[in-house]
Amino acid sequence: MTSLSTRVPDTRVRRLSITLYGYLFLSDLVLLYPVYVLLFSDTGLTVGQISALFVIWSVTAIVLEVPSGAWADAVSRRLLLCLAPLLTGACFALWVLAGSWWTFALGFVLWGAGGALGSGALEALVHTELDRLGAAGRYARTMGRGRTAGVLGVLASMVLAGPVLAAGGYRAVGAASVLSAVLAAAVATRFPEHRPAVSADEAAGPGWWAGLRAGLAEARADRRVRAAVLLVPAVTAVWGTLDEYAPLLARDTGVTASTVPLLLLPVWLGMTVGGLLAPAAERLTTRGYAALLTLAAVALAAGAAVRHPAGFLLLGVAFGALQLATVLADARLQDRITGPGRATVTSVAGMGTDLAMVVAYAGYALVAATGGHPAAFVAAAVPYLLVAGLLAVSGSVR
């Protein structure tokens, strides 16, 4: 009897995990990822105009992040996870069919909305389902492997993007990206979701509003939750912006456009390793976590300063360390949330990340315009040194 009772939850955990891995893999199997900045540049956009697009992306997510998290808590997290990739797929279709600054901007509004729908809902659904099965302790491991599945999707995109781009241009790359988004939405329907049924009236009124207030109250009132919420953007925002500019940094080393995706492979391989190391790193002390951020900052600055394709090996170390730090920050946040507004609280952290990313985009554009992309990457390492120092002094990670 003991063996059977143990096996049933394990089977359900495995099904949840496989669905998560498939969803994140397909969501990031976007052949446009390694080349869409090149698409913007080839259309004639400047670095400032490209940065303005990224700000529009972030502002959209900021506006919708917390309300969508409350909606997920009130209605269905699975529903939002189905809708999210469809909106991003619409973005990709728009870009390759009608390329201009305004259509790029509209596409980023769609993508920002899709990201807001999925942000918070995914983490809350996975943690809630694991907790229901008595496996909440597996959250960091499961999400670490899930993020790795997403990275593998990006790696596959990088391998495929060059040949597809050479064979069919940006439209072929865009069509493949739309197909992946549709498949991700189909996989999302397989997520388990065991929650009380909520009527449409409740979702539109008291249910949504009560969830929003409860989530915001927990994020504000609980000191441990508040610290965990603040750590997420502190770790995630800067390297989340650098990810978008990495193709331009790669092309500045002198390689051709079709070679750029391959040059980015060390970065994404590093992120793969970082996600897989999450279970082993869960018990890092505050000093160990600060050392992890310091390692990331040094490798990031050194890799960019080399101004050579070989520097991307160091960038791979940096992004791997930052991926690991991000997974650990999310796991700590989920562990500290106790109220019913899990998706809402997680979305508050997501909104903080988006706000910080707006500042990072503006800062990057300013530094890159005067010193080039390598100088901007070097400058981006400074905030991580500051965060590492603050954590070492305050001891507030754990």
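Which residues form a nonpolar patch on the surface? Select W71, L79, L83, L86 and V182: together they make up that patch, with about 380 Å² of accessible area. Before going further, note that this is a predicted model, where local features need pLDDT of at least 70, side-chain atom pairs count only at pLDDT 80 or more, and totals for chains, interfaces and linings use all residues. Residues are numbered from 1 along each chain as its sequence is written, and side-chain values use heavy atoms, with hydrogens and water left out.

**Stop 1: the patch**

Keep those five residues on screen. Patch members need over 30% relative accessible area and no salt bridge; nonpolar side chains (Val, Leu, Ile, Met, Phe, Trp, Tyr) are joined within 5 Å, and like charges within 9 Å. The areas come from the Shrake-Rupley method with a 1.4 Å probe, and for residues only the protein chains shown count as cover.

Now colour helix α4, residues 77–97, which gives the most to the patch, with three residues. (Helices are DSSP runs of H or I, at least four residues, and strands are runs of E, at least two, numbered from the N terminus.) Click on L79, which is found in α4. L79 is partly exposed, at a relative accessible area of 37%; buried means under 20%, exposed over 50%, and partly exposed in between, with a 1.4 Å probe and protein chains only.

**Stop 2: two helix pairs**

α4 and α5 pack at an angle of about 165°, their axes 8 Å apart. That makes the two helices roughly antiparallel. Angles under 35 degrees count as roughly parallel, over 145 as roughly antiparallel, 65 to 115 as roughly perpendicular, and the rest as oblique. The axes are lines fitted to C-alpha atoms, for helices over the stretch in contact, and angles run from 0 to 180 degrees between N-to-C directions. α4 passes α5 in a left-handed crossing, the near helix being turned anticlockwise from the far one by less than a right angle (clockwise would be right-handed).

Next, select helix α6 (residues 121–132) and helix α16 (residues 342–371), whose axes come within 8 Å and cross at roughly 140°. α6 and α16 are therefore oblique to each other. Here the crossing of α6 past α16 is right-handed.

**Stop 3: salt bridges**

How many salt bridges are there? The count comes to four, with a side-chain nitrogen of Lys or Arg required within 4 Å of a carboxyl oxygen of Asp or Glu.

- E129 is buried at 3%, whereas R132 is partly exposed at 39%.
- Select E123 and R147, another salt bridge, with the closest N and O atoms 3.1 Å apart. This pair links distant parts of the chain, E123 in α6 and R147 in helix α7 (residues 139–188), 24 residues apart. E123 counts as buried at 10% relative accessibility, and R147 as partly exposed at 27%.
- Finally, show D42 and R251, whose side chains meet in a salt bridge (3.9 Å, N to O). D42 is in helix α2 (residues 36–42) and R251 in helix α10 (residues 223–251), 209 residues apart. R251 is partly exposed, with a relative accessible area of 26%.

Go to the loop between α14 (286–305) and α15 (311–336) and pick R307. R307 is not a glycine, yet has a positive phi of about 55°. R307 is exposed, with a relative accessible area of 55%.
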